[in-house]
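I open this notebook to keep track of what I look up, one topic at a time. The entries follow the order in which I turned to each part.

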Amino acid sequence: MSSPENGRGPGEDLAVVASQLRALRRRASLTLEAAAHAAGLSPAHLSRLETGQRQPSLPMLLSLARIYGTTVSELLGERVADRDAVVRAPAMEPTGAGGWTYWQAGAPGRSMQALRVHVPHGTQGDIVRVHPGEEWLYVLSGRLRLWLGDTTHMLAPGDSAHFDSLTPHRLAAADLGGTELLFVHTLLQSPTATLCLGPTPGETP
C-alpha cells in the first residue's frame, strides 16, 4: 500500500490504516465484537488489523467501509479534495472502453460511482464478471440481456436490476441498435473497475 505520492513507507502505511480502522469503527459506535461479526471476521482478527499486526485484504476493506458508512479511500487514510455535488452535462466527456461508451455521471473518488453507458450490440457479451461490490442499473433505451448466475433476464426500457456483483454476471445489448443504461456501482476506483470489466483476451486479471 506504499505510495510514492504520500512519501510513506509500508510500515507507516499499515499504521495509518490500522488507526483509521479503529477510529472509524468508534465513529460508527460499534464494538470490536459487533464490527467483526458484521464483517465475517473474528474479534481477534479485527483487533490485529486495528493494531497493525495484519494487513487487510481488499475484500475486507470493502466490507468494513460499508459497515462503517465510509469509503475505502478514507479507510486507507487518503484525503480527497472537495468535490462538487452537481455534474453538468457538458462536463460528462464520453470515454470508450472495450467497445462501450460511458459518461461519468458522478464525482470521482467516491465509494459509489454513477455512469451513463452505451452498450453496442455484439460487445463484451462473453465476459463474465465477478468482483466485490454491488451494482444497480436502469435501462434507458434498447433491451439488455442480463445473466445472473444461471438465470437470464431480458430487461426493457424502464426495467432495473440491483445485485451483489460477487454473483457471476454478464451484460449484452439484445437489439442491433444497442442499449443505453444508467449504471451505479460500489467498486474500488481503478481503470478496470470503472466499467466493471472482467479480464479480456491478452490481459492479466
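I began with Leu-137, which stands opposite Phe-183 in S9. The two strands concerned are strand S4 (residues 134–141) and strand S9 (residues 179–185), which run antiparallel and are joined by 6 bridges; strands pair, by the rule used here, if DSSP finds at least two bridges between them. Strands (E, at least two residues) and helices (H or I, at least four) are DSSP runs, numbered from the N terminus.

I note for caution that this is a predicted model, in which local features need pLDDT of at least 70 and side-chain atom pairs count only at pLDDT 80 or more, while totals for chains, interfaces and linings use all residues. Residues are numbered from 1 along each chain as its sequence is written, and side-chain values use heavy atoms, with hydrogens and water left out.

Next I looked up Gln-124, which sits in the loop between strand S3 (113–119) and S4 and has a positive phi of about 60° although it is not a glycine. Is Gln-124 buried or exposed? With a relative accessible area of 8%, Gln-124 is buried, where buried means under 20% relative accessible area, exposed over 50% and partly exposed in between (1.4 Å probe, protein chains only).

I set beside this entry Ser-29, a residue other than glycine whose phi is also positive, near 60°. Ser-29 lies in the loop between helix H1 (10–27) and helix H2 (32–39), and at 67% relative accessibility it counts as exposed.

Turning to the helices, I found that helix H3 (residues 43–50) and helix H4 (residues 58–68) pack at an angle of about 95° with their axes 14 Å apart; the axes are lines fitted to C-alpha atoms, for helices over the stretch in contact, and angles run from 0 to 180 degrees between N-to-C directions. H3 and H4 are therefore roughly perpendicular to each other, a term that covers 65 to 115 degrees, whereas under 35 is roughly parallel, over 145 roughly antiparallel and the rest oblique. His-45, Leu-46, Leu-49 and Glu-50 of H3 meet Met-60, Leu-64 and Tyr-68 of H4 in this contact, contact meaning heavy atoms within 4.5 Å.

Leaving aside neighbours within four places in sequence, His-45 is in contact with Arg-54 and Met-60. In H4, the buried residues include Met-60, Leu-64 and Tyr-68, and H4 is followed by Gly-69, whose phi is positive, near 65°.

My last entry concerns the largest nonpolar core, which has 19 residues; such a core is a set of buried Ala, Val, Leu, Ile, Met, Phe, Trp, Tyr and Cys residues joined through side-chain atoms within 4.5 Å. H1, H2, H3, H4 and helix H5 (72–75) each give two or more residues to this core, and its largest share, 6 residues, comes from H4. Apart from it lies another core, of 17 residues, among them Trp-100, Tyr-102, Leu-148 and Ala-173.
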